[in-house]
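Here is a friendly tour of one protein model. Take a moment to look it over before reading on.

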Amino acid sequence: MLALWSVSFVLLCVWRFSYAQYEHLGYLPGYSDPAQDLYTAPELPKDIPRIQIRLAGEKRKHNEGRVEVFYEGEWGTVCDDDFTIHAAQVVCRELGYAEAVSWSPSSKYGKGEGRIWFDNVHCKGNERSLAQCESNGIGVSDCKHTEDVGVVCSDKRIPGFKFVNTLTNNINSLNIQVEDVRVRPILSTYRKRIPVTEGYVEVKDGGKWKQICDDEWTHMNSRVICGMFGFPGDKRYNTRVYKMFARRRKPTYWDYSINCTGNEAHLSSCKLGHTLAIKANSTCEQGAPVVVSCVPGRAFAPTPMAGYRKAFRQEQPLVRLRGGAVFGEGRVEVLKNGEWGTICDDNWNLVAATVVCRELGFGSAKEALSGGQLGQGMGPVHMNEVKCSGFEKSVTECPFNMDKDSEGCSHEEDAGVRCNVPAMGFQQRLRLSGGRNPFEGRVEVLIERNGSLVWGTVCGEGWGTMEAMVVCRQLGLGFASHAFQETWNWPGAVNADSVVMSGVRCAGTEMSLSHCLHHGEYLSCPKGGGRFASGVSCSETAPDLVLNPQVVEQTTYLEDRPMFMLQCAYEENCLGSTSSSTPANSYRRLLRFSSQIHNNGQSDFRPKASRETWVWHDCHRHYHSMEVFTHYDLLSNNGTKVAEGHKASFCLEDSECDEGIEKRYECANFGEQGITVGCWDTYRHDIDCQWVDITDVKPGDYLFQIVINPNYEVAESDYTNNIVKCRCRYDGHRIWMYNCHIGGSFSAETEDTFPGLINNQVTHR
């Protein structure tokens with residue numbers, strides 16, 4: 001029987017995919033495909049059992065999972081006893097990956113089924129097959145499936161790798177394995193468009209790109225391909241044009257067909273179809289090369305000027321992502337009864353994650369995240385034990401456990417996703433230069449000048465955290481940890497010293513720095529580039545401050561305090577404008593309350609300024625580590641400010657922490673300042689400046705608003721939850737604070753009417 005050949009597949013790192021998609025463009029210097037030796041399949045001694053290996057399990061990427069072995073017509077697993085990184089190395093190389101990153105015991109990827117084929121495996125790391133390693137003997141084991149081992153392989157593939165089926169019986173359940181896959185634009189109109197949405201589907205086989213015969217191609221296959229490249233769906237295309245093109249240029253066909261169900265997140269999860277009878281002239285009988293035409297999400301659709309009018313768009317914003325570093329990733333939040341809440345990660349998998357991704361205008365899910373990995377949400381847990389078929393229009397249509405919405409689920413178990421997004425080529429238009437590591441450096445951009453592309457710097461004047469956040473996102477480096485207006489310590493590229501961009505102002509949500517507001521042809525940068533160019537340092541994680549609205553509501557009261565007891569507060573500018581003319585024996589009326597500020601993010605919140613630059617306040621006997629930490633504003637119902645306060649961060653410290661988390665920051669004795677992840681800093685109602693001076697405010701109904709980190713001095717993973725809003729009624733003698741809630745915790749319609757708080761508690765871990 002002919003040996004079954006297939007080729008190994010993985011989604012390579014982002015720049016490789018970008019190159020495959022955009023190799024026809026001229027602005028990708030340094031990204032050429034290196035010359036690579038073709039892979040030669042290893043020959044095994046005749047006495048070594050012939051096995052096949054695959055990765056399986058839930059909540060995983062395509063290059064990780066439970067190790068499963070096919071032997072004697074049955075799939076089984078491998079026990080974790082004595083398993084080492086050397087054995088993982090053998091497994092990964094046998095699957096066509098360059099190396100192993102790590103391995104996991106105790107059925108991390110779920111319990112397998114069938115036989116446990118290998119136990120007490122001892123590998124040196126250079127074996128050509130797991131069957132060559134010493135073990136108890138194939139099929140000899142005293143393990144249970146709770147001990148199934150898993151591995152994580154690197155994204156990098158062995159160049160030219162071919163997966164050879166050496167078994168004599170046919171394995172119908174073999175997954176597709178190819179070196180690489182791309183959508184290559186054929187028609188001239190699509191070659192000019194970014195992202196590439198239509199063209200031949202091509203697989204890399206033995207270092208050569210080949211087309212697929214469309215004899216057995218289905219809509220479900222197209223759905224998977226489009227999802228892989230970041231598109232939520234596919235559409236029809238003009239077949240006549242492509243048939244004419246195929247007749248002019250003879251295609252080179254791949255030997256196999258593809259069989260996808262439409263639910264797969266990657267082509268690697270589809271099954272291998274029949275071997276196609278390719279004619280001698282390399283054409284497929286009554287067929288043509290496979291073409292897909294994908295529908296991009298609204299955020300990625302070219303403008304109508306580029307000839308593009310149709311794009312996928314959400315009908316109703318029932319789902320949103322929060323806390324992610326890049327477009328297409330985040331904690332999943334759903335809208336229910338007008339209130340935003342999270343999804344519990346029980347049974348959360350790639351199928352459900354893909355429904356979320358497609359619903360939001362992205363492709364299929366790369367990863368289904370669990371355990372609040374992208375920060376913890378607020379409010380209720382709306383869904384638990386979600387089970388999607390994969391074809392729902394919204395995750396809100398998927399069945400879930402109605403009896404256990406949030407029972408037994410805390411925000412520690414918030415589900416998240418990482419979606420495939422289209423390759424837009426943004427990453428090649430920006431770079432960091434001169435830094436000590438890839439996460440920092442002077443910002444240099446690629447700009448078209450006089451018909452040619454040149455690298456240059458960005459003017460440092462006005463450069464801040466929001467602009468730095470966009471740079472880090474564009475480069476795929478996470479969040480900004482610092483923004484620099486001077487980069488004298490980072491020399492950068494000598495030929496890129498000239499300023500090519502100035503006046504940059506970003507909202508912080510843009511996909512590319514070029515999408516931010518900036519000066520046009522006429523630049524304005526008085527200090528020039530060089531040492532005054534902008535710079536950034538990036539971090540994979542960020543803090544996320546959230547204020548507890550219930551504490552504000554429950555601790556509000558009025559105090560009439562004599563002016564002679566407010567000298568320190570007067571020096572800190574914490575009183576109303578008329579306080580300067582107030583006699584020492586008269587009173588100021590203060591709206592007092594407590595603030596409890598939680599860090600629900602993934603890293604500690606630290607002040608921007610280093611401790612050497614903190615300012616000592618002699619009256620209060622403490623150091624200020626931030627100029628302004630919070631704003632307190634009393635507003636009329638039409639939004640006009642009638643009174644204000646602010647809290648200079650006289651100290652940032654861990655007042656209390658969740659169970660099992662130790663305090664790390666304490667202000668006493670010039671200690672380090674900050675808020676640890678899982679801890680909170682409480683500003684009690686009875687301390688100076690923890691108030692709004694309402695001496696001159698008339699009785700009436702008002703809005704009370706608190707904003708944390710208002711100047712965005714410190715980068716956070718989510719700024720949308722930094723505001724708390726309350727209704728406020730003042731009758732001249734008493735005050736009532738009610739309906740306090742975090743901004744954005746309700747639907748836009750509900751938020752506009754400012755309704756009562758349903759359930760917006762800060763839950764503990």
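## About the model

This is a predicted model, in which local features need pLDDT of at least 70, side-chain atom pairs count only at pLDDT 80 or more, and totals for chains, interfaces and linings use all residues. Residues are numbered from 1 along each chain as its sequence is written, and side-chain values use heavy atoms, with hydrogens and water left out.

## Ser-603

Let's start in the loop between β31 (595-599) and β32 (615-617), where Ser-603 sits. Strands here are DSSP runs of E with at least two residues, and helices are runs of H or I with at least four, numbered from the N terminus. With a relative accessible area of 19%, Ser-603 is buried (under 20%, using a 1.4 Å probe and protein chains only).

Leaving aside residues up to four places away in sequence, Ser-603 touches Thr-541, Ala-542, Pro-543 and Val-677 (heavy atoms within 4.5 Å). Its side chain also reaches the backbone nitrogen of Ala-542 at 3.3 Å.

## The sheet with β31

An open sheet of four strands runs in the order β28-β31-β37-β36, with antiparallel pairing (two strands pair if DSSP finds at least two bridges between them). Its edge strands, β28 (545-547) and β36 (656-657), each pair on one side only.

Four bridges join β31 to the antiparallel strand β37 (residues 679-683). Ser-595 stands opposite Tyr-683 in β37.

Notes: Buried means under 20% relative accessible area, exposed over 50%, partly exposed in between (1.4 Å probe, protein chains only). A polar contact is a pair of N or O atoms within 3.5 Å; within protein, one must be able to donate a hydrogen and the other to accept it, and residues adjacent in sequence count only if both atoms are side-chain atoms.
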